[in-house]
Amino acid sequence: MQVMDYIARNERPVPTIGSKETIGALARYLQQQRVGAAVVSDDGRAIDGIISERDIAYSLAERRGELHLLPVSALMTRRVITCAPEDPLSKVLQLMRAHHIRHMPVRNSDGLVGLLSIRDLIQYRLDQIEKGAKLAMLLHADAD
């Protein structure tokens, strides 16, 4: 399955936040959206960075009380690894494993079109395994 097929099946807005928003605003946004990361984009199309709940947690020890006042740009990852809509999901999973990341923005020639998480890919894989097991049971039942 390709990334575009998965995104089309699971339509949901891409979590984004502006680079000048505060970490406090980001934390509220992640909580409200029930997501673990957001793409940093000042125009909703360009990918300026990515930031996750883990970035906040790791910075807490250093920054303590001032953390919630910092702009998102202070903690975001600027070198963002992305995938394309035509990429197979297996390639995305390989990239995530190779780079030790849990979230990957999807970009086409117009800009940001989606965000995949490791949870999305695990769920997809589990669904595949379950379908295969059901098919095997049906085939076995037909053979009896």
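Ile-47 is buried, with a relative accessible area of 14%, where buried means under 20%, exposed over 50% and partly exposed in between, using a 1.4 Å probe and protein chains only. This residue sits in the loop between strand 2 and strand 3. Helices (H or I, at least four residues) and strands (E, at least two) are DSSP runs, numbered from the N terminus. From Ile-47 to Asn-108 there are 61 residues in sequence, and 11 Å in space, C-alpha to C-alpha.

A note on the source: this is a predicted model, in which local features need pLDDT of at least 70, side-chain atom pairs count only at pLDDT 80 or more, and totals for chains, interfaces and linings use all residues. Residues are numbered from 1 along each chain as its sequence is written, and side-chain values use heavy atoms, with hydrogens and water left out.

Three strands form an open sheet in the order 1-2-3, with mixed pairing; two strands pair if DSSP finds at least two bridges between them. Strand 1 and strand 3 are at the edges with a single partner strand each, so one side of each has no neighbour in the sheet. Strand 1 (residues 16-17) pairs with strand 2 in the parallel sense over two bridges. Thr-16 has Val-39 of strand 2 as its bridge partner, and Ile-17 stands opposite Val-40. What covers strand 2 (residues 37-40), one face or both? Both faces are covered: Ala-37 and Val-39 on one side, and Ala-38 and Val-40 on the other, are all buried.

Now helix 4, residues 89-99. Its buried residues include Leu-89, Val-92 and Met-96. They lie on the same side of helix 4 because they cover an arc of only 55 degrees around the axis, the arc being that of the directions from the helix axis to the C-beta atoms. The face turned away from that buried side carries the exposed residues Gln-94, Arg-97 and Ala-98. Just after helix 4, His-100 has a positive phi of about 55 degrees.

On a 1 Å grid over the protein atoms alone, a pocket is an open set of points where a 1.4 Å probe fits, with protein on both sides within 12 Å along at least five of seven lines, and lining residues have an atom within 4 Å of a point. Grid points are joined across faces, edges and corners, and a volume is the space filled by probe spheres set on the points.

The largest pocket has a volume of about 600 Å³. It is lined by 25 residues, and the closest to its centre are Arg-12, Val-35, Leu-115, Ser-117 and Asp-120. Strand 5 (111-117) gives the most to this lining, with five residues.

The second largest pocket has a volume of about 340 Å³. Of its 17 lining residues, Ile-50, Thr-77, His-100, Ile-101 and Arg-102 are the closest to the centre. Strand 3 (49-52), helix 3 (53-63) and strand 4 (103-108) each supply at least two residues of that lining.

Last, the aromatics. Rings of Phe, Tyr and Trp (its six-membered ring) pair if their centres lie within 6.5 Å; planes under 30 degrees apart count as stacked, over 60 as edge-to-face and the rest as tilted. The count is one aromatic pair. Tyr-6 and Tyr-124 are edge-to-face, at 6.4 Å centre to centre and 85 degrees between the planes. Tyr-6 is in helix 1 (residues 3-9) and Tyr-124 in helix 5 (residues 118-143), 118 residues apart, so to speak distant parts of the chain. Both are buried.
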